Every structure is written in structure tokens, then in C-alpha cells.
Amino acid sequence: MDRFAFDLAHLLAGGLVLVSFTMLYQDRLYALLNIFAIHALVLTLSVAWQANVQHAPHLYVTAAIALVFKAIVVPLALHRMVVRLGIHREVETVVGIGATMLAGIGLVALSMVVMLRVTPGADPLAREDLAFALAVVLLGLLMMVTRRNAVSQVVGFMSLENGLILAATGAKGMPLVVEISVAFSILIAFIVIGIFLFRIRERFDTVDVHALDRFRGERR
Amino acid sequence: MSFLGLDALGAVLLVPIAAATILIVLPGYVLSARLNVVASLVTLGAAVLLFFERPAPGQYLHVDDLNVVFIVLNTFVGFTTSVFSASYIAHEIEIGRLTPTYLRFYHAMYQTMMFGMNLALVANSIGLMWVAVELATLTTVLMVGIYRTSEALEAAWKYFILGSVGIALALFGTILVYMAARPVVGEGVDAMTWTILVANASGFDPALLNLAFIFLLLGYGTKVGLAPLHAWLPDAHAEGPTPISAVLSGLLLNVALYALLRFKILLAATPQAIAPGPLLVTLGLTSLVFAAFMLYRRRDIKRMFAYSSIEHMGIIAFAFGMGGPLANFAGLLHMTMHSLTKSAIFFAVGHIAQVKGTQKIAEIRGLTVTHPVLGWGLVLGVVAIAGLPPLGIFMSEFLVVSSTFARQPWLAIPLVLGLLVAFGALLLRLGGLAFGEPAGSTAPVEASYVPMFTHLGLVCTAGIYLPPPLVAWFQHVAALLG
């Protein structure tokens, strides 16, 4: 039973890394949003499994938040925004897909090497969860760096937050305050982002952050 | 008597949040500006009370000798900035740059930000501290974008993205600290309570703690504006309303630095962990030298002083990184002096930019002729920030340099180089701004000079005479910092 618990947790956390990878090579916004919904779904399963294994019922709340808010509400809202702004076509990338994937592989390897080497004494479940979580965080960062489009940067940021939640739930017995507050901060972050997208829309008719670069504050 | 202390701690947090709730529904900017000032004053009063009546550390909040200094400084500058903001905002309404609706939002956000910063300072739980820093950041993001010009939006977007990445890394670091503490302290809230963490730090897993500190340094370091993580800072300072630039430079950077100092103490209490000092020294020196050279090419007056903030945060991080009683003392003193001076400069710059209608350095000339009070105020502020004797910053910089010479002479070379380069850049620009051929509007300015000259007066006094109780207090805190 214990072995099974461990394996399933492993599978789900690994699945999250895999979905993160899938996000890296999406070149259409709709597809990207769908993949993000899957990402949130895998996170939900993973958190729920942790709640079961750790006998920590409060983690089910975190799982529910992930499911309702991140797997359903946010992708739908972003979907509508994309339709309304008429930007459903290509996602501009800064670097080619191939190079991005290679960099992603490097980052995953890095997080495994770092985390597993640093935490030999820790409980194995938490330890490998943490290694996967770091990989998800780094992949989210990579996505934010390699995309020019504001919506996909936001998606990158949210996948990064998913990695953080994975880490927080993997750390056994971490106080509830933190999970709730993480959820709250995502909510706030989303409101902020929403406001920004609308303002950007008002001003430029585009959410391509690259277009903003023309308005460099330095006024040379 | 302990209930009085508890009340003071409660007031530091509850007054801003109550004021924010009222301000969001209160129409009429004159009234809300006044309420903003009153609320900030009450918070300051409560903060000062904390010196005398200190509650016992709880699970979530605590007040100790270290953070009480930060709280009083925070609420003091928050109060003077609210006074400045009242006169600044009146002008913005007049020229129609802000509408009453936005202003309501502005005042509510101002108090929410003060709440976030105060909470970050008194938090005993590292999780709560993280939440509070994030809250303060998000509110400032909204304030930076409040003018809704394309530049302001770009600045706010950049700040938001870089700030969130920083905050995400900091959360990961916080989780790692919890992981390190759990085997020793046990599960639950205790393993995130700072006072308990420090008491048990000697048993923590050093490797995990090292990794945690790297994440925390990158995460909170982004907020401090240490190079190369500073990219958001000049834009955010230049494009937001000037009161916000003053609060960002004077306060928010300090709060982030305070968070780093907390973890530095934690690492110092774990014997086998890496020494956090050299990391801070490296980042501090990089920021100092980099920002000093960047000062030369600035054309926007607020942007220039933003780079000067990076430079000074570099000096402060360097001083705390060096450690030891003298360098820590110098770091604390420099932090206080920088907060006071930089916000005073932004008070002056805010009125100058309003009356001249521009922030371009080339179009602002001869201020001492056209607007003598503002002009000389700016001169005094820049002379202070450049580190000329006998002002307060000279003294703290002198202490940093001399303690470095005594212990690591080689490090003193880049330090002095950075200081001199920045000094030259600031005085070069000041010449044109203050004494050149007058240019631009000469219309009289309706300004409240009280906040500016209060700050500058304090800085001048501190350069000549530091009251012995203050010195004793700072020495005591410096010893705590290790």
C-alpha cells in the first residue's frame, strides 16, 4: 500500500512536468489554454492524492481551488478574452521551439541533480515531489522568458504557481495559512492581470508585450 | 499594561486597513487626502508606542529590537509622504491627469500598501511575511500603472512580471526552510515561526538551508533591486506618481531587505551552513558599481534617482554582508539616512516635475533662480545623497568604507570607486538642474515644503549629532545581526 501511494504520487508529479513540457511547444493560444487546463487538472489530482496519503483533509480544499479556479474558471475567462481581442492565431516565440525544448530538458536535469543531492536525509516522498516541483517552476519561468505574448506569459506564470503548490503540498504538515494564501494571491494576481490586459487592449489593440517595447521609458 | 502594547501592535495593522476600507467609498479628494494623513499619523503614533510597550511574541506576530526600528521608520516616512501626497494630488486633479475615481482607488491602495509593509515587518511567521510582501508589491504595481499612459503600463507590466517571478522564488525558498525545520521543530505552524526557527536553527539540515537561502536571496533580492535583478526598478519609479516613487525607494526596498536579514540571521545560527555574507557583498558591490555608471546616461530625473536608489541599496547590502558590529551599525544608519534623504528628493522632484511639466533633465534648468526654495531643497538633498560631509549619509558611508579598509582592504577599492563615480554623476547633473540658464515654466508652485525640509533637517542633524540613545539602540541591533 505504501509503495503504491509513493508510486502514484510520483506518477502525478512526473505527469505535471510532462504537461509543462507540452506547453513549451504549443504555438496556438487556444491549444495553450487547453493544455494549461490539463496542467491544473493533474495538479488537482496530485494534491488530492497527497491529502489522502498524508491524512490532511485541508489539502482537499487546495485541490478544490485548483480544480474550480485554475482548471475551469481561468482557462474559460482567458479563452473569452482571446476571442474578444481577436488574437487566437500564432503565439510568437523569442527562441525556436527546438532550443526551448533543449533548455527545458537541461532545467529538469538541473533541478533533479540539485534537489536530490541536497536532500538525502529528507523523507523520499517529499524529496522527489520537491524535485519535480522545482522542475515545473523552472519550466514556467522558461515559458515566461521565451514568449512575447502577454496571455502566454500569464499562462507561464500560472504554471509556475502550480509548481509552487505542488511543493507546498509535498512538504508534509505545512500550515494551512500558506495554501489558502497562495490561492488568494493567484486570485489577486489574476485580477491584476485582467485589469492590465484590458488597459493594454484599450491603448494598443494588442496584447503582444513586444509592442510595448517601442514605448521604452528611456526616451532616447 | 500589556494590553496597551497589544493595542499598539494591533493599531499598526488595523488602522491602515480600516482607513483603506473607508477611503475606497469616500468621495471627494480633499477629505480623503486628509483622512490618509490622519490615518498615517495614528499609525506612526502606534508604532512609536511599540518602543515602550512590547507584546510577547505570538505565533504570527512579534515585535523585537530589530523590527521596531524598521516599523518606526516605515510609518514615519509613510506619514510624511501622505502629507506630500495631499499637495501633489491636488495638482494632478487640477490638470486632469487623475480623475476622482482613480484618486479614491489611489488613497485606498496607499493604505493597503502601508498595511502590507507593516504586516511584513511584524510577521513572526515566514509564510505570513511572504504573503505581506506580496500584498505590498501587488498594490504598488497597481499604483505604478495608475496614469495609464503607455509608459506607465509598460513599467507596471514589467514590474509585475519580474516581481512575481521574484516572489515565486521567495516562496520556494520559504518552503525549503520549512522542510529544513520540520524534522527538528515538528510539523505545523511552529516550523514557520521565526522565533522558534532561530532558537532551533543549530539542528537544521545545512544543505537544504543553503539551497533555501539562494532562492530567498534571488526572490527578495529582486524586490530590493539588487543588480542584475533590478530591471523593474527604474521604470516603476519613473512612471508612477511621485509619492509612490518616494515610498518605493524609501520603504518597500527596506522591507524586502529586512526579509533577507531575517534569513541571514537564521543561516548564521546554523553552524555548517554557508556564510550568507559573501553573497550579499557580491550582489551589493555589483549593484553599486553598475548603478554608479548607469547614472551618467540618465535623461529622466526620476529615473536617475531610481538608479541612485539601486546604488544605495547596494551599499546597504554590502554593509550587512560584511557583518560585524561596526559594518552592521553603518548599514542600519545608512538605511535610515537613505530612506529619509531619497524620499525628500522625490518630494522635491515631484513638485519640480509638476511645475515644469516634464521629467527630462535637459528641460529643467536653473531651479535655484526660478524656484529658489525647491531648487535649494533639491541641492541640499542631492548633496546629501552624494555623500558630502557633514550630512548623515557621509557619516554612514565613511563608516562602511573605514570598516572595510580595516578588514578587507581589497574590497574597499571597488566600493570607493563606485561611490566616487556616483558622486561625480550626481553633481554633474545637479549643476545643470540647479544652476544652469533658467528654462521652462517659472510659474509659482503650490507646494508643501514641510515634509521635505523635515527629512533634510533630520539628515543634517544626524550628520552632526546623533543622540546617544539612538546610537546605543543601533549598536544593540547591530550586535543582534551578527
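## Contact between H3(B) and H10(B)

In this predicted model, helices H3(B) and H10(B) meet through a set of residues from each. On the H3(B) side these are B:Asn67, B:Phe70, B:Asn74, B:Val77, B:Gly78, B:Thr81, B:Phe84, B:Ser85 and B:Tyr88. On the H10(B) side they are B:Thr242, B:Pro243, B:Ala246, B:Val247, B:Gly250, B:Leu251, B:Asn254 and B:Tyr258. Sorted by type, the residues of this contact comprise 9 nonpolar and 8 polar, with no charged residue.

Two packed helices are described by the angle between their axes and the distance between the axes. Here H3 spans residues 65-94 of chain B and H10 spans residues 242-268 of chain B. Their axes come within 9 Å and cross at roughly 170 degrees. Angles over 145 degrees count as roughly antiparallel, so H3(B) is roughly antiparallel to H10(B).

## Makeup of chain A

Chain A contains 8 helices and 0 strands. Read from the N terminus, its elements follow the order α-α-α-α-α-α-α-α.

Of the 220 residues in chain A, 45% are buried. Among the contacts in chain A with a separation of 6 or more, 71% join residues 24 or more positions apart.

## Confidence in chain A

The mean pLDDT of chain A is 78, and 75% of its residues reach 70 or more.

Two stretches of chain A have pLDDT under 50 throughout: residues 201-206 and residues 215-220. For residues 201-206 the model has 6 contacts beyond four places in sequence, and for residues 215-220 it has 11 such contacts. Where pLDDT is low, the predicted coordinates should not be read in detail.

Notes: Residues numbered from 1 in each chain as written. Chains lettered and ligands numbered in written order. Predicted model: local features only at pLDDT ≥ 70, side-chain atom pairs only at ≥ 80, totals over all residues. pLDDT = per-residue confidence, 0-100. Contact = placed C-beta atoms within 7 Å. Axes fitted to C-alpha atoms, helices over the stretch in contact; angles between N-to-C directions. Helix = DSSP H or I, 4+ residues; strand = E, 2+ residues; numbered from the N terminus. Parallel < 35°, antiparallel > 145°, perpendicular 65-115°, else oblique. Nonpolar A, V, L, I, M, F, W, Y, C, P; charged D, E, K, R; others polar. Buried ≥ 20, exposed ≤ 12 C-beta atoms within 10 Å, placed from the backbone.
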